[in-house]
Amino acid sequence: MRITAVNVQVFSYPTRRAVDSAGHAHPGDVSQAQMALLRIQTEDGKEGYALGAPELIRPYVLDGFVRKVLVGQNAFDREKIWHDLAHWQRGSASQLTDRALALVEQALWDWAGRKLGVPVHKLIGGFRDKVPAYGSTMCGDELPEGLATPEDYGRFAETLVKRGYKAIKLHTWMPPVSFAPSPRIDVKACAAVREAVGPDIALMLDGYHWYSRTEALYIGRELEKLDFAWFEEPMMEESAESYAWLAGQLDIPVLGPETLSGKHLSRASWVKHDVCDILRAGVAGVGGIGPCLKVAHMAESFGMDCEIHGNGAANLTVVGAIKNCTWYERGLLHPYLDYDEVPAYLKRLVDPMDSDGFVHLSDLPGLGEDIDFNFIEMNTLKSF
Ligand SMILES: O=C([O-])C(=O)C[C@H](O)[C@@H](O)C(=O)[O-]
């Protein structure tokens, strides 16, 4: 089925999320943010969609690489199209990113699901229809009654448990927060949360990502005393040796790599060299659903779990299709925000969670995003 057109619509929508000077999300005043809808059309008039940041798929990227590769190809040939695009990356002077690759590949999967009338998680695996979620907090801040103190984390954790979560992951304080980073205050927040929720809730820490080996070792040993389930990205992931050093000394599982480049290939090196205990991959970070599945299947072949990074339809689709992932990451959460509020450009949440903490996989054909095309049409800023 030949691809005839690839188009983008950039639209605005209201948000209460803001980012600080280091890129961490926090609550903010209502403002207008921008999103891109990528649309792939085939000769039969069928379409597939993916939503993402406009800069990933700006006109230069769309004209210079994506249209050149896609138009005229068979939309079912995802693997070939993905490799053709991935080869373009080398000569693109870093303009064609893994995230752009992921967006294009998601739209192709969405197209295939819609064309065949099945949810993509059934097409690519079909392991489960619901999955327990962990509530993933925003990074710490200095907002009154926000996430400014260990006690704030404890109180918020109680709220999350009441909502149904059976697991919570803390993102603690990072610069530009005035007192960050601090291994001791991170540990205090973890202790406050354990104290607040008791022994039966699974807890994880994803703190400052640039700790030294000795700081990470200190935190990891404290987390072991608090019976945490994993310790995520405490150091720069380019130093695989530091992770091997850390994982070799801790009993608590060390999880990674999350932001390291290299798609499934860098994850293979981490497995071969025993660098971590639980593998990590997210659809956007490794360049698509396909490479994310390659990571998860490789991990399974080595008897390892692979926890999928990030929320959203594409990541949930992968979680629904694999066995060796325990949780879905739901968030980022904050006491000031209502995660259950449906974004203006969707008609329903992609990851609805019941009162027992289970997120239910969509039964819609495609990736499961019920897109509000009227809202997007009314709020379109530019199309190309
Ligand atoms: O695992 C996660 O959810 C994240 O890494 C979320 C964010 O990127 C957080 O770590 C941050 O803001 O640095």
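Select Asp-98 and Lys-263 first: the two form a salt bridge, with their closest N and O atoms 3.1 Å apart. The term here means a side-chain nitrogen of Lys or Arg within 4 Å of a carboxyl oxygen of Asp or Glu. The model is predicted, so local features need pLDDT of at least 70 and side-chain atom pairs count only at pLDDT 80 or more, while totals for chains, interfaces and linings use all residues. Residues are numbered from 1 along each chain as its sequence is written, and side-chain values use heavy atoms, with hydrogens and water left out.

Next, colour by domain. Domain 1 covers 1-116 + 372-381 and domain 2 covers 120-358, with bounds from an automatic or database domain assignment. Their centres, taken over C-alpha atoms, are 25 Å apart.

Now select the interface of the two domains. Here 32 residues of domain 1 are in contact with 31 residues of domain 2 (heavy atoms within 4.5 Å). About 2,500 Å² is buried between the domains, 69% of it from carbon and sulfur atoms; this is the accessible area (1.4 Å probe) that two parts lose on being put together, summed over both. Two salt bridges are found across this interface.

Stay on domain 1 and select the elements that touch domain 2. Strand 1 (3-19), strand 2 (25-42), helix 2 (78-90), helix 3 (98-116) and helix 13 (373-378) each supply at least two residues of that side. Helices (H or I, at least four residues) and strands (E, at least two) are DSSP runs, numbered from the N terminus. Finish on helix 3, which gives the largest share of this side, 11 residues.
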